[in-house]
There are 4 protein chains.
Amino acid sequence: MKSKVMIGVMGPGENATPEENELAYDLGAAIAKQGWVVLSGGREFGVMNAALKGASDNNGLTVAVLPGETTKGASSYAQIKIITGMGSARNNINALSSHVLVVLGMAAGTASEVSLALRANKKVILLAQDEISTLFFKKIGTYKVVTVSTIEDTIKLIKDYVSLNQIR
Amino acid sequence: MKSKVMIGVMGPGENATPEENELAYDLGAAIAKQGWVVLSGGREFGVMNAALKGASDNNGLTVAVLPGETTKGASSYAQIKIITGMGSARNNINALSSHVLVVLGMAAGTASEVSLALRANKKVILLAQDEISTLFFKKIGTYKVVTVSTIEDTIKLIKDYVSLNQIR
Amino acid sequence: MKSKVMIGVMGPGENATPEENELAYDLGAAIAKQGWVVLSGGREFGVMNAALKGASDNNGLTVAVLPGETTKGASSYAQIKIITGMGSARNNINALSSHVLVVLGMAAGTASEVSLALRANKKVILLAQDEISTLFFKKIGTYKVVTVSTIEDTIKLIKDYVSLNQIR
Amino acid sequence: MKSKVMIGVMGPGENATPEENELAYDLGAAIAKQGWVVLSGGREFGVMNAALKGASDNNGLTVAVLPGETTKGASSYAQIKIITGMGSARNNINALSSHVLVVLGMAAGTASEVSLALRANKKVILLAQDEISTLFFKKIGTYKVVTVSTIEDTIKLIKDYVSLNQIR
């Protein structure tokens, strides 16, 4: 087998809206259809769970980078469970391990993942993001941050990035 | 000796402006004069270095939570050096170990520290912060985020917080 | 797809002997043939590399939990690359994420992985281990540590453990 | 103020014997009398607590590197509390942050700290250690591991090391 393209999907947990969860599910499905791996924070609710479910339902491989010391509270759709035992510090692992991060919705944990990704010079795609968050991350991330409003545009951007950077 | 009150000072590193460094120095000095410990990311430049210097020049105790695996690149004003070897994931330790965080200037690393602190329900004081950053962190942190424009007001806020929460 | 059984393979890096590398290759192959995932420290030499190669050559899925902040120095046989950026502290992630750890050869890093696994109450299989190391880990790990001398016995033990604990 | 010499004291927690706790107390006291800082895992029992108490009772400065996400369960004798939220992975921070590690008693967590310290090429002093543990760590740590039977010899060894390596 070959090395996998890893796409991080980040967004709110407990407080995700139904629309955010639905978008995350469809995004996970679309990523899986490209043959890419979906990586998320791996808990059993919110964007991290929905993205893994969308991928898993479409024959995709899913990776959960879990905050706790056991798999308690992990998403049922996590196939590879990385147990970090380091709480929110695991957000840096999410950022570093993703070739590209897609962010939808916003919460404190999400904001830390975007910030850590930008600190590590990662490409970040803000999907259907609110105006204040967009202004803020454009300010601190400049060219590394791109904004899109649809899943189709998200997939197109990732394809270009993967091809340009010869990620295999 | 007694347990110490720990005040985290966060802000840009390499790209800090002269004004930010000066403000950080004065803030570190003012914190030290209260008998509180200054904690920072501990590298040899920017806000993290200036705050430690300000405290150290005023008989304050300083703690550097370093990203590397050695003390290479550490501030000369760091008295207690915590060597984490975990890069930017150490930003979560900065957030968790500070009773209160004071933030001046903004960069990707700084944004991750503020976000992780809010995730952990910490009190965050934004000192002389720009408008977009203020709007963003008020949005994700609500009542946990307070804004001030002077060091005097910063110290007054911390005093109230330390007293109210009986931190010893 | 279903959740995966994760088997950690631990042993020396730079200083692995040719015999240890060969045994690690055969062990990785045997684990892959059971449909289990091989997890290792993921660098490009020693036991961690050989085990991933053995698995990869036999259609197995491989996970590398890397110490650095990039994939530099990663094994070519790592399919899922978890980039931790936390140096040897990632050894705790190896320990926590493995349902069972198999250890062959001994070095300081290996010893930390076995110790952290025992701290987390994980099952540890010592394969063809030397006498002093066996005595030491039996002393600190008691019943959690089992010793075997062949790959066949290793696989049999894991099978029993996976079945008994209903790991899926 | 100047940068501090940091001496890590490692040993069993819940299962420490009364003799080990007493030795840890006296060791903490002896380290404090030299003006050095005592660093430990910082919980409220065992060797980590006793060493901090010994230092604190003798006007020494104490640093606790805590595994949890709050100060719950921290030693009352911890003056500087570093809250890591990363469980046993914080053992690597203990190892990296100590100029010299002194180890008394043995348990899985202790073994991980010694192993991680040797991995990082740190000097490790085994104080009144049992025969199997001594044989094991001499085997994997060679010249980096020294054995002593008294606190006096421990202090003498650290003094020589600090002087030789110009640690300030």
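Guide: Let's start with two helices of chain C: α3(C), residues 90-97, and α4(C) pack at an angle of about 50°, their axes 8 Å apart. Everything here comes from a predicted model, where local features need pLDDT of at least 70, side-chain atom pairs count only at pLDDT 80 or more, and totals for chains, interfaces and linings use all residues. As for bookkeeping, residues are numbered from 1 along each chain as its sequence is written, chains are lettered from A and ligands numbered from 1 in the order in which they are written, and side-chain values use heavy atoms, with hydrogens and water left out.

A helix here is a DSSP run of H or I with at least four residues, a strand is a run of E with at least two, and both are numbered from the N terminus. Two packed helices are described by the angle between their axes and the distance between the axes. The axes are lines fitted to C-alpha atoms, for helices over the stretch in contact, and the angles run from 0 to 180 degrees between N-to-C directions. Under 35 degrees counts as roughly parallel, over 145 as roughly antiparallel, 65 to 115 as roughly perpendicular, and the rest as oblique. That's why α3(C) and α4(C) are called oblique to each other.

On the α3(C) side, the contact (heavy atoms within 4.5 Å) is made by C:N91, C:N92, C:N94 and C:A95, which meet C:G109, C:S112, C:E113, C:L116 and C:A117 of α4(C). Sorted by class, that's three nonpolar, five polar and one charged residues. Nonpolar here covers Ala, Val, Leu, Ile, Met, Phe, Trp, Tyr, Cys and Pro; charged covers Asp, Glu, Lys and Arg; the others, Gly among them, are polar.

Now follow α4(C) across to another chain. Helix α4 of chain C and helix α4 of chain D, residues 108-119 in each, have axes that come within 8 Å and cross at roughly 160°. The two are therefore roughly antiparallel to each other, and α4(C) passes α4(D) in a left-handed crossing. From α4(C), the contact takes in C:A108, C:G109, C:A111, C:S112, C:S115, C:L116, C:L118 and C:R119; from α4(D), it takes in D:A108, D:G109, D:A111, D:S112, D:S115, D:L116, D:L118 and D:R119. By class, this contact of α4(C) with α4(D) has eight nonpolar, six polar and two charged residues.

Some of those chain D residues turn up again around D:F137. Setting aside neighbours within four places in sequence, D:F137 is in contact with C:F136, D:M106, D:A111, D:V114, D:S115, D:L118, D:L126, D:T142 and D:V145. D:F137 also sits in the largest nonpolar core, which has 112 residues; A:F137, B:F137, C:F137 and D:F137 are those with the most contacts inside it. Such a core is a set of buried Ala, Val, Leu, Ile, Met, Phe, Trp, Tyr and Cys residues joined through side-chain atoms within 4.5 Å. Buried means under 20% relative accessible area, exposed means over 50%, and partly exposed is in between, using a 1.4 Å probe and protein chains only.

For comparison, most residues other than glycine have a negative phi. C:N121 counts as exposed because its relative accessibility is 54%.

Further along is C:T134, in helix α5 (residues 131-141) of chain C. C:T134 counts as buried, because its relative accessibility is 17%. Beyond its neighbours within four places in sequence, C:T134 is in contact with C:L126, C:Q129 and C:T147.

One last stop in chain C is C:V63, in strand β3 (residues 62-66). At 0% relative accessibility, C:V63 counts as buried. C:V63 and C:V38 are 25 residues apart in sequence, but their C-alpha atoms are 6.2 Å apart in space. C:V63 also reaches across to chain A: its contacts, leaving aside neighbours within four places in sequence, include A:I80 and A:I82 as well as C:V37, C:V38 and C:L39.

Definitions and conventions:
Left-handed = near helix turned anticlockwise from the far one by under 90°.
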